[in-house]
Each structure stands twice: as C-alpha cells, then as structure tokens.
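Please read the following report with the structure open beside it, and look up each part in the display as it comes up in the text.

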Amino acid sequence: MAIFKTLAFALSLATAALAATNGTTPMQIRLAYAGPTGMMVSWNTYEKLDSPTVYYGAEQNSLTHSASSSVSVTYQTSTTYNNHVKISGLRPNTKYFYNLEYTNTTTPYSFSTPRVAGDHTPYVTAVVVDLGTMGRDGLTTFVGKGAASPLAPGETNTIQSLQNFQDQFEFLMHDGDIAYADYWLKEEIQGFLANTTIAEGAAVYERILNDFYDQMTEVTSLKPYMVGPGNHEANCDNGGTKDKAKNISYTVDICMPGQTNFTGYRNHFRMPSAESGGVENFWYSYDYGMTHYVQIDTETDLGHGFIAPDEPGGPEKEDSGPFALMNQQTDWLAADLAAVNRAKTPWIVVAGHRPWYISVANASSDVCWVCKDVFEPIFLNYSVDLVLSGHVHAYERNAPMFNNQPDPNELNNPTFPWYITNGAAGHYDGLDTLDRPFQNYSRYAQDSAYGWSRLSFHNSTHLTQDFIASSNGTVLDSATLYKEHKVSGEGYGNGHHGKPNWPMWPHGGPPASGGWKV
Ligand SMILES: [Fe+2]
C-alpha cells in the first residue's frame, strides 16, 4: 500500500508538472521597439506568470542576462495571459538572442535593436493593414455567402509572404484591423462558421485572436511588430452586423465584458508610448535610422469637438474611448513633430488606420473626413513626408496632397505629404471594390490582389514604396519620392513650426456642436 501511495503521489506530481508546463509554455511571441536601447518582449501563456522573465545575450549559446516584470495581464473572456517584459540598456543597432522562461525550444529567438537616429544607412521595412487570421476561421479557399476573394488552392497568403520576405525587412508595421476576431459573427451569419451561437461567440472570438497571433509568431518573434488601433479592435460584433435573413441587427450589447473598447488590443501589446509621451497603444512615436515614425489614432480622441468614428455617438457604434483628455492627441502630435531633428531623421512617416484620400463613395465608414480636418493641417505644418492608411481593403497610391489638391511637384520634392492606402493584406471578407473612375489624385490603384507595402529608405532624399503581391512576391506598383529635406535656414517645409493655427482648417474649423461630416 505504501508503495502504491508513493507511486500515486509521484504520478500526481508528474501530472501537475506537465500541466504547469503546458500552462506556462510561451505562445504568440512578439517584439516591439521600446526606445533606442530597449526592446519589449511579449508573449502569452495559459497561466498567469508571477514574474515573466526573458533570458538574453549577444551570443546564441550564452543567454547570460535576464529581464523580468510583474506584468501578466488578462481580461474576462480571454483564455490566456499577456506577459510583457521590457529589456533596457541594450546597445543600439545590435543583434541579440533571447528565450523565454518555460520555453519548450532550445533554439533562441533573436532581435536587433533599432538603428540610432542619425544613422542614414539604407534599410527596408514592411507595412500591412487589415490583415486577419488565415485558415479555418478566416481567409481560406472558400468563403461564406456574400464574402469575396477566397484564396486560390495553394495560393501564398500575406502572412506566408511576410515570412518569405522577412530576412529583407527590419520590422513590420500593422496599422490597425489586426486579427478580425470580431468577424466571427459575420462568418456565422454567412454560413462560414455554421451553427455558432451567440453564446459561443466569445470563445470563437478568443480562438481567432489566439490563432492569428500564433500564425504571426514566426515573423513577430524575430522582427519588431509595431501596431496601431483599427475599428476591428473595438468590438466583438463587426461593429453591429445585421442578419438580414433573420432581420436581426446586433450591437455591441451582445459582446461579453472585456470584448469591447479595444480591451484585447490594450492587453496584448505594449507600444513605446511611455518612451514617446503617447498614450498606450493608441498614439506613439519612435525613430529608426533616418526616419521618425508616428502612429496616430483615427478611431478615438480626435479632439477639437469632433466625435471620432469609434467613440460613443460615432458612426461605427463601437462605444469606445476616449482614452485621454480633449485635444491631447493633437497636442502631443504637434509637439512630437516639432521636436524632430530633421538632420538626424529627415523622413517623417505617419501611420493612421483610416484614409481620407481614397476612390470610394463618400461614405462615413470608408472616408474619415474628421480625421482629415484634424490631422491634415498638422501634417503639412510639420512637413510630414508619407501618410499610410488602410481600412479600405484595396491599394491606392495617391499624389502628395493637401486640401484635396495634388502637389504640382508630384513626387519631385513636393511640399504636401504623400498619401498611400493599402488595406489589401487579406482577411475573411476579401477585398473591397474601389469606385471607378479613380479620384483625379489617384496615381495607381488596384483591388484584385492581396499584398503588403515595402518601404525602402535609400538615403535622406529618396524613398521607394512598393506594393508586393502576396501570391507570388512580385512588385505590382513602385514609386519613389524625392524630398530635398533642407535642414537649416528658412524655407523648410511650410515654415510654421509651432502649434498649428486651427483656423487654417480647410472646412473652417470644427462645428460648434462637434459632429461627423459625411
Ligand atoms: Fe478598418
């Protein structure tokens, strides 16, 4: 009997150890820049970790340093904990190897810290917007009734394309609409996820999130993954999907606690807002070599009396935010841009989810006119070079623009910022159809191929943006911007450096009551 008891105790210990191992095994590994000498390492586990720990070092076989935190967070319906550890005191532009506690792999991952501001060595980065999960719950070779653009059998999707190209780019930007977990309801209504009930929706939502972040790990465990907020991070119901067959209009009321108000997004990432004076993962900035990058929030917090698209009373009916004080985002943006040393970082690239220069009908969910009113004068005032967006699931490269007018110089040293929308990364619902004829400021547009953008910074004056077709890696569109980037004396940019003069708004400023222009 004693032997039996001992054996049973040993077995129970072994079982407990196995369970603990499964519960603490790292998943969904992702990196993010955290200042010039820092790196945020994030991953998920089924169990809460007391002290999430990263082991790292300059040599692959000698991870002699460690960094820990107490950040292991979750929310009501999540099946995992989000662990975040910031490694500080790293050398810039240096490759490090790392691994995570409780890992089941002996081969370390690696990352490279950013090039310091002022390093004008050429480099390449990748951009996706509107990229959702692939496979059984998302984009695959068949779609439900009403969806479009399924993958051809064997077609390389955008996540696979990014994996194929990842040795060629330094980091990956994902400017909103990240996993499309909220599409579970649309997928169910369209018969793609048949027989999923509303009660089961929360579990499917979390499954899609987990699947997407696992699918991305091959890229994001090696390349910093810099994300921004999109409308699909704000809800669990695709912003209020209608089941026409049953004549049911759903609202965020069906969402379980924790599945609204960007909760998963706020838990999952730690963008460098603390390092740049921004707010959470909503707005922040960072430098990489010759470029100053700014992520803005087009979903909430537009300020100046406007109701942002995802805020209570906004057209998306997301009831999300705001996340800061009135005008805090634009005040921060102006100050951030005013502080840029263009001798060090001659290029300024801004990413914001929603476009306003796009060949679609004048519909509120596609064109963000309030974003234009709020942000466009600031971009001009501080001579922003390139504005990236998505939201519309197509690709359109426009002329440099201000106040609906193309810059007469086009890409040859324009004064106005260059606008490119690329929401064609691919997700369950396929591609959108742009309106023909294209806008007079459109210079190239396509809505039939999935793909991503590649930015190649050649030097302080030349920047190339390519549209890479995910299916075969070919370049469907390529254009190079030349900017003189004078860094001293008068005549640089618009010459207004300082707080923007709000009456310069093309529409004469915000309406007295605030509101949404369509
Ligand atoms: Fe969107």
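In this predicted model, Cys236 has a relative accessibility of 2%, and because the cut-off for a buried residue is under 20%, Cys236 counts as buried. Cys236 belongs to the loop between strand 11 (225-227) and strand 12 (242-243), whereas Cys255 belongs to the loop between strand 13 (248-249) and helix 5 (263-268), so the bond ties together parts that are 19 residues apart in sequence.

How many disulfides does the structure hold? There are 2, and with the bonded cysteines counted along the chain they follow the pattern 1-2, 3-4. The other pair is Cys368 and Cys371, and both of these cysteines are buried. The torsion about their S-S bond is about 65°, so this disulfide is right-handed. The table sets out the two pairs.

| Disulfide | S to S distance | S-S torsion |
|---|---|---|
| Cys368 and Cys371 | 2.0 Å | about 65° |

The next topic is the metal site. The iron ion is coordinated at 2.1 Å by Asp177 through OD, Asn231 through OD1, His353 through NE2 and His391 through ND1. Along the chain, these donors follow the spacing D-x53-N-x121-H-x37-H. Asp177 is found in the loop between strand 10 (172-174) and helix 3 (184-189), while Asn231 is found in the loop between strand 11 and strand 12, so this pair ties together parts that are 54 residues apart in sequence. Both Asp177 and Asn231 are buried. Why is the arrangement around the iron ion called irregular? The 4 donor atoms subtend angles of 92 to 159°, and four donors count as tetrahedral only if all angles lie between 85 and 135 degrees.

As a general point, the strands of a sheet pair through backbone hydrogen bonds, either parallel or antiparallel. Strand 23 (residues 462-469) pairs with strand 24 in the antiparallel sense over 7 bridges, and one of the paired residues is Asp466, whose bridge partner in strand 24 is Ser478.

An open sheet of 4 strands has the order 4-3-7-8, and here the pairing is antiparallel. Its edge strands are strand 4 (65-68) and strand 8 (109-112), each of which pairs on one side only. Neighbouring strands of this sheet are turned by 35° against each other on average, with direction ignored. Within the sheet, strand 3 (residues 53-57) and strand 7 (residues 95-100) pair in the antiparallel sense over 4 bridges, and the bridge partner of Tyr55 in strand 7 is Asn99.

Conventions. Residues are numbered from 1 along each chain as its sequence is written. This is a predicted model: local features need pLDDT of at least 70, side-chain atom pairs count only at pLDDT 80 or more; totals for chains, interfaces and linings use all residues. Side-chain values use heavy atoms; hydrogens and water are left out. A disulfide is a pair of cysteine sulfur atoms within 2.5 Å. Helices (H or I, at least four residues) and strands (E, at least two) are DSSP runs, numbered from the N terminus. Buried means under 20% relative accessible area, exposed over 50%, partly exposed in between (1.4 Å probe, protein chains only). Donors are N, O and S atoms within 2.8 Å of the metal (3.2 Å for Na, K and Ca); water is not among the atoms, so sites may look incomplete. Four donors count as tetrahedral if all angles lie between 85 and 135 degrees; four count as square planar and six as octahedral if opposite donors are over 155 degrees apart and all others between 65 and 115; anything else is irregular. Two strands pair if DSSP finds at least two bridges between them. Axes are lines fitted to C-alpha atoms, for helices over the stretch in contact, and angles run from 0 to 180 degrees between N-to-C directions.
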